[in-house]
Amino acid sequence: MGSEKQYLDLYRENEVLVATHSCGMMNALRRGAHDVLARQGFPTLKTEDYRYTDVDEAFAPDYGINVRRLPFVVDRSSAFRCSVPNMGVAMGFMVGDRLTVPATTHWPEGVTVDSICNYDRQHPGRLAEYYGRLAPWGTDAVAALNTMLAQDGLLIWVEKGRKTDATLQIVNLGCGEMDLMTNRRILIIMEEGAKASVLMCDHNIDRHRFLTTQVGEIYMGEGSSLSLCGIEETDGENGMFDNLYVMQQKNSSFDGGFFSLHCGLTRRSIDVKLAGEGARAELFGGVTGDAASHVDTNLLVDHVAGGCKSNVLFKYVLDGKSTGAFAGKVLVRKDAQKTESQETNANLCVSPEARMYTQPMLEIYADDVRCNHGSTVGRLDEKALFYMAQRGIPEEEANMLLQEAFLGDAIRMVKIEPLRERLYLMVRERFRHKLGGCGGCDKCATK
Amino acid sequence: MSSMILEVRNLYASVEGKEILKGVNLTIGAGEIHALMGSNGSGKSTLSNVLVGNPQYTVTQGEVLFNGKNLLSMSPENRSHEGIFMSFQQPIEIPGVSMTNFLRAALDAKRKYLGLEPLGTSDFLKLMREKRAMVELDASLARRSVNEGFSGGEKKRNEIFQMAMLEPRLAILDETDSGLDVDALRIVADGFRRLRREDTSAIVITHYQKMLDYLKPDVVHVMMDGRIVRTGGPELADRIERDGFDWIKEELKEA
């Protein structure tokens with residue numbers, strides 16, 4: 001109990017320093033967030049939304065925080081090979097909370113990609129109506145901690161009516177000379193009728209332990225469309241608390257794909273509010289767990305307005321002693337008539353020690369809706385395995401083919417076509433290396 | 001090397017603790033087609049499952065030599081590599097695994113087992129195209145998931161197509177219950193006849209004369225209560241078609 005104390009102390013001792021290396025808009029919320037966290041502390045396993053992940057334990061190690069925001073690793077990002085290369089993308093790097101954009105990158109017209117603080121300094125007040133408005137830092141401890149400590153982050157702003165085909169790729173790089181905690185914000189603003197695709201990859205390039213909290217807020221204007229895909233390929237010692245909040249106006253369309261191919265502890269919270277009629281959300285993900293990895297997805301799809309559609313599909317393949325959790329609630333409020341929703345969580349435990357906790361929930365207060373939810377936890381199909389063995393396919397290969405096929409349902413939902421093809425391949429590689437690394441970093445290669 | 005491809009000696013096997021095979025003896029020469037007949041529960045399907053190494057079946061006694069090698073000590077996949085193929089009565093659907101990836105994995109494993117280099121991608125695809133055309137499966141086959149959404153006839157063609165790709169020494173054609181589906185029988189029998197290598201042997205399991213009309217077996221066996229009780233030429237099948245199995249039971253009682 002009480003591992004939040006070291007962060008509260010650190011903040012109080014460095015309050016001025018934290019503020020000096022950030023911006024006014026972010027600083028304005030810090031004290032309030034501090035008080036919330038001080039009052040309620042980290043959640044325990046008895047807290048409903050956090051019952052599958054021990055937050056206190058995850059934050060207990062003594063991580064350093066780069067409060068002065070020294071740019072110790074910026075030059076290394078250029079040497080990084082991402083495993084999703086050459087997609088016709090505009091690429092930037094986030095080293096910790098610092099955006100680095102290679103000189104060769106040209107963002108599409110009408111699309112602003114910037115550091116939140118940089119933008120705030122140049123356009124004072126413009127972000128204030130967005131920043132910290134969706135993230136419930138008044139009630140959620142991780143959001144509060146992040147709001148207290150985050151000093152910068154990524155802003156993507158797509159102008160009204162601007163439709164871009166290029167994928168914006170942001171590579172998050174964990175690097176540093178010691179065990180390090182990063183607190184990062186993401187702010188995506190899609191104006192009316194705007195359209196974009198964003199790919200976010202998480203990698204670590206140093207042999208230290210990294211813990212990241214990331215709080216993202218996405219505003220989907222009327223008729224806007226965003227495909228967001230996150231691919232996590234870190235390592236077994238990485239910790240990730242990723243809270244994403246999406247507000248959707250009328251007829252907007254949001255696709256969020258979340259693939260944890262390699263990680264340590266990942267706790268992801270996705271909270272989508274369908275606030276305007278005719279909005280559409282697809283949330284999907286694939287997890288390949290092994291060793292002692294832990295991936296917990298906590299999801300809320302809140303149907304506020306009528307005539308909206310949501311579709312949720314998360315698939316986990318758990319090997320070794322990995323654990324997975326999925327708690328997903330679809331809430332249909334009383335005015336959300338003509339809601340259509342589907343929520344599915346399907347899981348394979350391929351080793352006897354792997355554990356999956358699944359909790360799909362449906363709460364309906366409207367009377368004219370079409371909603372389904374369900375979950376399964378199973379093993380590989382024995383009949384299929386024998387059929388494959390009869391055709392000469394070795395057991396290990398057959399296992400991999402079936403696991404890839406299982407995750408394929410989630411990969412098929414990726415809208416960015418070259419990325420979809422790439423993901424099939426990455427999952428394939430992932431199963432072939434079993435406990436090996438992601439291939440993109442020297443950390444795993446040298447282990 | 002023996003010209004015998006399969007030698008089954010005094011084979012006993014059980015499933016879920018129940019003894020089904022009670023001393024089977026069977027010898028098959030290279031290139032021979034053998035029919036295995038018998039009423040339901042006589043042990044025909046158990047014998048074929050034991051030969052391919054289905055883990056649900058337990059061998060309690062006896063030995064099986066395949067091409068002179070001890071078959072029973074081999075894994076199901078190595079039995080496949082050695083050249084045993086079983087056409088499933090009800091081929092399994094494997095959603096999400098394409099026919100191409102499925103066969104690629106099968107062929108790569110077989111060639112590795114035999115100490116051969118893997119086929120290059122273009123050679124492999126060419127081979128698939130050739131064999132596919134021979135069983136009249138359309139070009140979308142390669143991309144489709146294994147048996148998923150295939151019609152009954154397509155599933156049968158797909159089994160024969162896989163046989164053609166793997167070029168087994170012994171094909172076990174299990175058609176125990178598909179006797180009424182004349183089209184399925186014809187596909188399997190015709191396909192086998194056209195696509196087998198000359199030295200490929202077969203065990204065809206059926207109750208129905210129709211199947212044998214298509215396949216023209218060299219040897220016909222009758223199984224009863226876990227043993228092979230009669231062995232003869234095609235005329236034995238004719239007699240069974242005419243008189244059923246009861247006369248054999250009578251003869252066995254008298255003996």
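Helices and strands are runs assigned by DSSP, a helix having at least four residues and a strand at least two, and they are numbered from the N terminus. The model shown in these views is a predicted one.

View 1. Leaving aside residues up to four places away in sequence, Phe102(B) touches Val97(B) and Val146(B). Although Phe102(B) and Val146(B) are 44 residues apart along the chain, 7.4 Å separates their C-alpha atoms.

**View 2. Helix α1 of chain B and the glycine that follows it.** Helix α1, made of residues 44-52 of chain B, is mostly covered, since 9 of its 9 residues are buried. Just after α1(B) comes Gly53(B), which takes a positive phi of about 85 degrees.

**View 3. The open sheet of 6 strands in chain B.** The strands of this sheet follow the order β6-β9-β10-β3-β11-β12, and their pairing is mixed. At the edges stand β6 (84-87) and β12 (227-232) of chain B, and because each has a single partner strand, one side of each is left without a neighbour in the sheet. From one strand to the next, the twist averages 20 degrees. Within the sheet, β3 (residues 33-37) and β11 (residues 219-224) of chain B pair in the parallel sense over 4 bridges, and His34(B) has Val219(B) in β11(B) as its bridge partner.

**View 4. The open sheet of 4 strands in chain B.** Here the order is β2-β1-β4-β5, and the pairing is antiparallel. The edge strands, β2 (18-29) and β5 (69-70) of chain B, each pair on one side only. Strand β4, residues 57-66 of chain B, pairs with β5(B) in the antiparallel sense over 2 bridges, and Leu65(B) stands opposite Asn70(B) in β5(B).

**View 5. The contact between chain A and chain B.** In this view, 17 residues of chain A are in contact with 21 residues of chain B. On the side of chain A that touches chain B, the elements giving two or more residues are α7 (382-390) and α8 (395-411) of chain A, and α8(A) gives the most, with 7 residues. Sorted by class, this side of chain A has 10 nonpolar, 3 polar and 4 charged residues.

Terms used:
Residues numbered from 1 in each chain as written. Chains lettered and ligands numbered in written order. Predicted model: local features only at pLDDT ≥ 70, side-chain atom pairs only at ≥ 80, totals over all residues. Contact = placed C-beta atoms within 7 Å. Nonpolar A, V, L, I, M, F, W, Y, C, P; charged D, E, K, R; others polar. Pairing = 2+ DSSP bridges. Buried ≥ 20, exposed ≤ 12 C-beta atoms within 10 Å, placed from the backbone. Axes fitted to C-alpha atoms, helices over the stretch in contact; angles between N-to-C directions.
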